[in-house]
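Below are my notes on this model, in numbered points. They take the nonpolar cores, then the aromatic pairs, then the pocket.

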Amino acid sequence: MSLLTVKENMVMVNNGNIDIASSIANNNVVFDTKELNLWYGETHALKDINLKIKENEVTAIIGPSGCGKSTYLKTLNRMVELVPTVRTTGEISYKGQSILDKSFKVENLRTRVGMVFQKPNPFPKSIYDNIAYGPRIHGIRNKKILDEIVEKSLRGAYIWDEVKDRLKENAYGLSGGQQQRLCIARTLAIEPDVILMDEPTSALDPKSTLKIEDLVQELKKDYSIIIVTHNMQQAARISDRTAFFLDGEVVEFDVTDTIFTKPNDSRTEDYISGRFG
Amino acid sequence: MKYLNADQVTKRMDGRIAKNNILKMLFLLATIFGLIVLAILIYRVVVDSIGWIDWNFLTGRQSTDAERAGIMGALLGTLWMMLVVAPVTLILGIGTAIYLELYAKKGRLQAIIQTNISNLAGVPSIVYGILGLTIFVRAMEMGNIILAGGLTLSLLILPIVIVAAQEAIRAVPGFLSEASYGMGATKWQTIKNVILPAALPGMLTGAILALSRAIGETAPLTVIGIPALIIPFPEGIFDKFTALPMQIYYWTIDSSLVAEYANLAAGTIIVLLVLLFVLNSAAIFIRNKFQQRF
């Protein structure tokens with residue numbers, strides 16, 4: 001385990017853009033959630049959530065429909081605020097900064113914490129413009145730099161070879177699986193630290209799903225990934241830690257192996273063995 | 001079959017199919033009714049105007065002499081007025097729609113504004129004429145110039161443009177703006193780069209259709225006092241003017257004095273219809289050509 005940490009740190013050094021000292025000081029915790037409660041109008045959707053999510057790991061969130069797992073994920077980049085009736089209490093700190101404070105600018109947060117959605121949602125623009133969208137809104141105009149970002153991001157999402165000759169074509173000409181990898185590349189283009197994935201393979205066929213899962217394994221070297229999934233085999237295959245949500249509460253959060261082989265809570269066991277949900 | 005009796009089903013089948021065919025005929029008749037009325041209208045107008053639409057009619061100045069009268073002045077008046085109406089309604093209409101749909105907090109106040117805009121769309125056009133007369137012609141002392149007429153017609157179609165633009169914004173799928181917000185874009189960046197490009201064809205289609213309604217409006221212009229006879233052509237938005245529907249109106253009421261005026265009115269109707277047809281075609285073209293598919 002310690003060897004692995006050293007190796008990860010070496011990757012960080014190679015990247016050169018992550019402050020090792022601060023990440024060690026924070027004990028490698030990227031998101032620290034304390035007593036988080038959330039309401040949609042009168043509906044109490046998240047109840048007393050406490051979770052510490054670690055850097056450069058894949059954290060899976062599983063649970064039946066309506067358990068609050070997507071809501072929790074969207075709280076981490078405050079996308080949940082797009083629903084007008086949302087109210088939260090408690091605290092989420094991202095690398096030591098309290099992000100639920102109204103003074104914390106959501107635009108800053110979402111630049112550090114990227115998101116991949118359930119249904120592939122490319123813009124009706126060219127492949128190139130899709131990837132360049134993020135850098136452009138953050139002020140990059142230089143064509144050469146944009147070209148570099150586009151290539152690097154597409155390579156990062158393992159889709160470069162498939163699209164390099166058709167960068168000017170509309171993104172909606174791609175297959176569903178390609179569109180989703182394009183969306184991942186688009187997220188990489190804003191150089192986030194964290195990537196949130198909200199059931200990213202639920203609209204895809206098994207072969208595309210496998211490609212995305214392989215990609216997640218590659219990406220975790222450089223990014224912290226939090227993935228909501230309906231598919232328990234997927235959580236078991238790709239995640240380091242798993243949180244099991246039920247009725248808006250965290251029932252159990254542990255190393256994935258433990259969750260799937262010897263869970264502490266009988267409800268977790270019932271869920272993963274397919275007795276409900 | 002436990003609940004369904006095969007004999008009964010067969011027995012009733014013919015009746016059900018017959019009912020379907022009868023209703024199909026009724027719906028077809030409803031459609032044909034509208035088409036027949038339109039056909040008669042166009043037929044009468046065309047017959048009346050045959051021989052009257054010539055070069056002199058299209059380019060000549062107004063005149064009391066039916067043989068010499070032309071509609072160029074009225075056509076220019078209408079076009080100048082559209083040059084006022086189009087930018088005013090587009091800017092105010094799309095701006096209001098963006099505010100109401102994307103910035104305004106959904107609450108009581110927003111609901112009240114929304115209801116009032118929908119109600120304004122149903123206010124009779126002559127009332128807008130009175131409003132234009134009070135505000136633009138009298139209070140602002142513009143007189144009955146093109147600018148005053150254009151602003152009056154802008155007020156008239158503004159509610160329609162706003163509602164159409166709001167619908168176009170609402171039709172932009174939420175997943176597109178989510179993708180933009182998710183990358184740290186501000187609301188304005190999202191509106192400018194994602195929502196407006198997707199909504200613009202719908203907005204323009206609505207605006208052009210509203211514009212073609214404004215072109216045909218007569219009542220508000222009669223109220224603000226457009227004169228029956230103006231010999232010089234209007235050369236800018238501060239000139240006095242007449243417009244195509246006004247010309248039709250005056251020639252029609254005066255046709256009891258000079259019978260040929262009826263033919264002139266019919267000719268003017270043809271010109272107005274052609275103008276509307278061009279505008280509506282432009283709307284359809286824009287919708288088909290620029291609509292994004294996702």
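1. The largest nonpolar core has 49 residues; B:Met81, B:Met82, B:Ile157, B:Leu221, B:Trp251 and B:Leu264 touch the most other members. A core here is a set of buried Ala, Val, Leu, Ile, Met, Phe, Trp, Tyr and Cys residues joined through side-chain atoms within 4.5 Å. Buried means under 20% relative accessible area, exposed over 50%, partly exposed in between (1.4 Å probe, protein chains only). Two or more residues each come from helix 3, helix 5 (125–139), helix 6, helix 8, helix 10 (244–253) and helix 11 (260–290) of chain B. Helices (H or I, at least four residues) and strands (E, at least two) are DSSP runs, numbered from the N terminus.

2. On provenance: the model is predicted, local features need pLDDT of at least 70, side-chain atom pairs count only at pLDDT 80 or more, and totals for chains, interfaces and linings use all residues. Residues are numbered from 1 along each chain as its sequence is written, chains are lettered from A and ligands numbered from 1 in the order written, and side-chain values use heavy atoms, without hydrogens and water.

3. Take B:Leu221. Neighbours within four places in sequence aside, B:Leu221 contacts (heavy atoms within 4.5 Å) B:Met81, B:Gly149, B:Ile226, B:Phe241, B:Ala243 and B:Met246. A second, separate core holds 42 residues, including A:Ile184, A:Ala189, A:Val216 and A:Val251.

4. Over all chains, the structure has six aromatic pairs. Rings of Phe, Tyr and Trp (its six-membered ring) pair if their centres lie within 6.5 Å; planes under 30 degrees apart are stacked, over 60 edge-to-face, the rest tilted. A:Phe123 and A:Tyr133 are tilted, with centres 4.4 Å apart and planes at 40°. A:Phe123 is buried at 0% relative accessibility, and A:Tyr133 is buried at 4%.

5. B:Trp251 and B:Tyr261 also form a tilted pair, with centres 6.4 Å apart and planes at 40°. The pair links helix 10 and helix 11 of chain B, 10 residues apart.

6. The largest pocket is lined by 33 residues; A:Glu81, A:Leu82, B:Leu102, B:Tyr181 and B:Lys187 lie nearest its centre. A pocket is an open set of points on a 1 Å grid over the protein atoms alone, where a 1.4 Å probe fits, with protein on both sides within 12 Å along at least five of seven lines; lining residues have an atom within 4 Å of a point. Helix 7 of chain B gives the largest share of the lining, four residues.
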